[in-house]
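Take a look at the model below. We will walk through it one piece at a time.

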Amino acid sequence: MSKPSDLVQGTLDLLLLKILALEPLNGFAVSQRLKQISCDVLQVSDGSLYPALHKLEQEGWITAEWKLSENNRRAKFYSLTRLGRRQLEKEAGNWNRLSSAISHVVKLKEA
Amino acid sequence: MRIEHWLYTIPLRLRSLFRRNRVEQELAEELQYHLARKTEGLLAQGMTSDDARRAALRSMDGLELRKEQCRDTRGVNLLETLLQDLRFGLRMLRKSPGFAAAAVLTLALGIGANTAMFGLVDSAFLRRLPYREPQRLVHIWTLENDDTHTPTPAQYQAVRDESKSFEQVAAQGWADYLYGADGSLSENLRGALVTPNWFLTLGVRPLLGRNFRDEEQRVGQDGVVILSYDFWQNRFHADPSIIGQQIVLNRRPVTVVGVLPIWSSSKYGPKIFAPLVLNSYANQGDERAGKVRVEIIARLKPDVTLSQSRSEVEVIGDQFRNPSALADRSQRLVVEDFAEMFRHPPPTVQNAQRGLWMTAVSAGIVLLIACANVGSLLLARGVKRHREVAVRTALGSSRGRMIRQLLTESTLLFLFGGVVALILTRWCAQIITKLASDMLSGAYLQMNVRVFIVSLVVSLLAALAFGMIPALHGSRVNLNESLKDATPNAPGGSPSRRLRNGLVAGQVALGMVLLVAFGLLLRSYLHVETSRLGYDPHNVLTVATRFPFTRYTAPADRARLMHEAAERLRQLPGVESVGIADSLPMNGADSAQLRIEAPTPKVPPVQEEIWFVSVGPEYFSTLKVPMLSGRSFDERNGQASSSVAIVNETFARHFFPGSNPIGYHIAFADSPTTEREIVGVVSDFRQRNPEEDLRPLVYFPIAQTAPPRWSMAIRVRSAGDLINVASRINNWLQPVDPQLYWELGSLEAEIHDSESLTLRRPVITLLASFGSLALILVIVGVFGVTSYSVAERTREIGIRTALGAGHLKIVGLVLRESLLVACAGLVVGSLGAFAITRFFPTAGIGWSGSGIFLYGVSRTDSLTYGLAAALLVSVVLAATWAPAGRASRVDPMVALRHE
């Protein structure tokens with residue numbers, strides 16, 4: 001029933017970790033931020049966002065806290081843990097290696 | 001890294017498990033917040049509130065699904081659904097108590113049989129010994145002329161006082177006891193005299209009371225005894241107040257201080273243990289003083305190895321060697337690991353192990369039948385629950401989830417079965433231990449952790465194996481048809497029926513294997529029981545006595561006593577003749593190296609190990625064994641007259657082929673090497689077991705050999721005289737020696753108690769009970785499956801009846817199906833039996849030639865196969881009868897309206 005997002009497998013984790021590394025956010029804010037910073041290129045359905053967040057939480061990479069949101073409603077705010085920061089570095093490194101390799105391949109001149 | 005990971009995750013997991021409501025609430029709130037914000041945004045874009053809410057929900061791609069995905073990330077979901085399934089399973093079982101009870105009971109019988117058999121097999125050969133730290137226990141023997149013997153008391157004292165390798169060194173001597181205060185009630189008992197640390201060394205704690213104390217090995221303080229479990233059971237009806245009471249042994253009151261646990265008792269083992277007073281034991285009897293022996297056991301200190309203790313004990317043993325013969329290693333002390341006995345079990349033990357394996361395998365077959373039963377019950381139930389499964393699938397349950405649910409339910413059943421099995425086994429432990437210890441001393445059934453674990457594992461494995469098929473089958477639904485069709489059993493019925501029929505056929509096949517195995521062993525037993533013995537055991541009483549240690553130590557005294565007794569018995573009315581022997585038939589014989597003169601001149605005598613029995617003059621005529629040539633012994637063959645011998649037919653044929661042995665000589669290879677002239681050849685008869693191979697045997701006049709044992713065979717005139725004479729013997733022999741008790745028996749009882757029948761009986765009893773269990777299970781299985789398929793075919797039968805099929809036709813329809821299934825089972829079962837009986841031994845183990853093997857019957861015995869098949873077919877027919885009758889009474893109107 002659920003189609004995986006169009007993102008490359010595993011990159012959603014990286015994006016979420018990066019976004020939360022900037023500042024603690026609640027789920028809705030994360031979805032907004034995703035659209036905003038990727039200029040609507042990356043489409044993450046609201047539905048698949050929460051399982052992904054919960055997975056990160058259960059892995060111990062992010063931790064949750066109930067706080068008042070900007071419109072004074074109780075919301076669950078996620079922030080990065082020490083483990084999460086390490087994971088982010090790792091995944092970012094992986095991503096850089098992968099993307100540079102791929103762009104290198106793509107830029108190859110045809111003979 | 002890992003630890004830090006757990007630091008975060010473990011509290012989360014625990015929270016998900018134990019604060020589930022809270023976590024759920026938070027999940028709902030979180031998603032609610034998102035929806036609210038989203039809706040607000042959409043409203044701001046100008047949507048109507050309804051549209052906005054719907055659009056927000058849609059953007060979630062299924063709220064409940066997302067929630068479930070979030071739950072899955074918690075990693076405890078599996079556990080949670082398991083609990084949920086268990087609760088649901090319990091509810092379902094409670095809703096159909098009949099089904100649950102039948103299944104649990106069936107499984108309990110199957111698993112129970114296996115748990116019990118495992119307990120026995122475990123104790124009999126997988127076992128580490130029941131003693132504490134058995135790897136540190138050793139035997140100490142003395143080696144004389146390369147033969148292993150029990151050491152002397154002096155050797156015990158030396159090892160005890162001089163060795164440093166052992167924590168404890170203990171000794172055991174032997175004693176015969178006359179139990180009971182007054183002569184008519186007394187009973188001869190085997191006893192053991194043990195040093196007070198004997199049980200401590202073994203690590204055996206008494207079931208009741210206490211061990212011996214150190215001071216109890218002194219004269220005057222040794223009036224205490226510990227009883228064996230079976231003696232306590234039989235004689236004192238397991239009365240725990242026996243501790244501290246006095247009983248009379250050898251006409252002397254002693255105090256009972258303890259009772260040993262059940263596993264330490266054996267049929268032929270000592271019944272009474274008393275403290276060993278070493279000095280008086282060593283000095284008992286003058287002539288035998290040099291021959292007094294004790295068994296020595298010792299417990300190694302934790303840091304001492306077996307080989308270290310060996311060298312130490314060998315040095316201690318040197319002082320007992322003949323100084324002039326120090327060079328030859330003819331006599332020395334050796335240390336042997338306790339486990340050695342188990343690595344090389346004696347033939348009787350190997351035979352009993354055979355029997356135990358056979359019963360263990362049949363217990364496995366019973367379990368398979370029970371599982372097949374429950375499997376078909378589950379299949380039938382699965383069809384009934386078709387609708388339920390369909391509805392649940394329609395509501396979004398995946399197939400895997402359904403299989404898990406159904407498997408959980410069946411596992412519950414099997415686990416309940418396992419628990420009930422443990423209770424049943426606990427109940428029957430006593431009977432089973434008794435049966436098994438008849439076969440193999442020391443085999444016992446003790447409920448321990450191993451038994452418990454095995455029962456659990458068997459239940460779980462069976463649940464997986466036999467719950468899987470019904471679960472796979474039950475979870476497969478065609479949604480459209482199942483929900484549409486009003487009769488839930490119409491689809492899926494046929495493949496399920498085929499499966500169920502397959503299970504019934506399997507049961508019949510397994511039953512066939514079990515019955516054939518039982519039949520072959522039973523027929524062997526009957527053949528052994530009626531085998532040609534070579535002597536006439538009817539109307540022959542036996543009498544034996546045990547000579548007290550203090551009197552009758554001289555062989556001449558014993559001979560005089562027995563002759564006097566025999567003489568007196570001949571005068572007892574009803575007695576026809578009295579024969580004396582040191583070992584009656586079925587009691588075996590001694591063996592020795594004999595030198596046999598060769599029938600051809602200039603050929604040196606042959607030396608061979610030969611059985612020999614010492615007999616009196618009237619012995620052969622009393623047993624009605626004919627002399628083939630020569631003469632029997634006569635009264636003249638006393639100690640003074642010339643030395644003679646009689647040989648049996650096989651001996652004559654083996655050593656004197658084609659010639660007459662009479663006049664030739666035989667002699668013991670060791671002293672006394674008196675030449676004995678062969679004066680007669682006697683017809684063969686079995687000396688140790690009813691089915692043994694006949695072997696060369698030599699008879700010597702008992703007056704010349706003066707053996708330590710004497711028994712008498714008394715032929716009475718008629719069967720009526722048996723009881724008459726038996727009841728008078730003890731009083732009649734009073735004048736000979738009022739102190740002695742005469743143990744009564746009969747040759748027929750000796751046969752009944754012969755080693756091979758004693759070994760075979762428990763196996764047959766156990767196989768018979770497993771066989772009947774299997775038959776009952778087959779009946780239940782066939783009945784269940786047939787009833788079910790009749791119910792399933794009600795519509796079809798209704799239509800047939802409406803179209804004019806008569807009652808007989810309908811009954812035939814049902815019977816035909818069962819019979820076809822049964823026949824398929826019988827064919828497979830016969831092949832299986834044929835294959836499995838290849839493993840049946842066809843000969844005994846060891847020189848005694850006894851044991852559990854096919855005797856007088858081939859493994860393809862058609863009578864056995866035929867009877868087993870007939871029994872199974874009639875059982876199947878009987879179980880089909882009621883459902884078939886019900887089918888024939890189906891009212892077509894009702895059946896068709898049922899639609």
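Which residue stands opposite B:I296 in β10(B)? B:A171 does. This is a predicted model: local features need pLDDT of at least 70, side-chain atom pairs count only at pLDDT 80 or more, and totals for chains, interfaces and linings use all residues. Residues are numbered from 1 along each chain as its sequence is written, while chains are lettered from A and ligands numbered from 1 in the order in which they are written.

Stay with β10(B), which spans residues 295-300. Helices (H or I, at least four residues) and strands (E, at least two) are DSSP runs, numbered from the N terminus. In β10(B), 5 of its 6 residues are buried (20 or more other C-beta atoms, placed from the backbone, lie within 10 Å of a buried residue's own). β10(B) pairs with β3 (residues 166-179) of chain B, antiparallel, over 6 bridges. Pairing takes at least two DSSP bridges between two strands. β1 (residues 137-144) of chain B also pairs with β10(B) in the antiparallel sense, over 4 bridges. There, B:I140 has B:I296 as its bridge partner.

Now turn to the meeting of the chains. Chain B brings 23 residues to the contact and chain A brings 18 residues. Two residues are in contact if their C-beta atoms, placed from the backbone, lie within 7 Å. On chain B, α1 (2-18), α2 (20-44) and α4 (63-72) each supply at least two residues of the side that touches chain A. α2(B) gives the most to that side, with 7 residues.

Note on methods. Buried ≥ 20, exposed ≤ 12 C-beta atoms within 10 Å, placed from the backbone.
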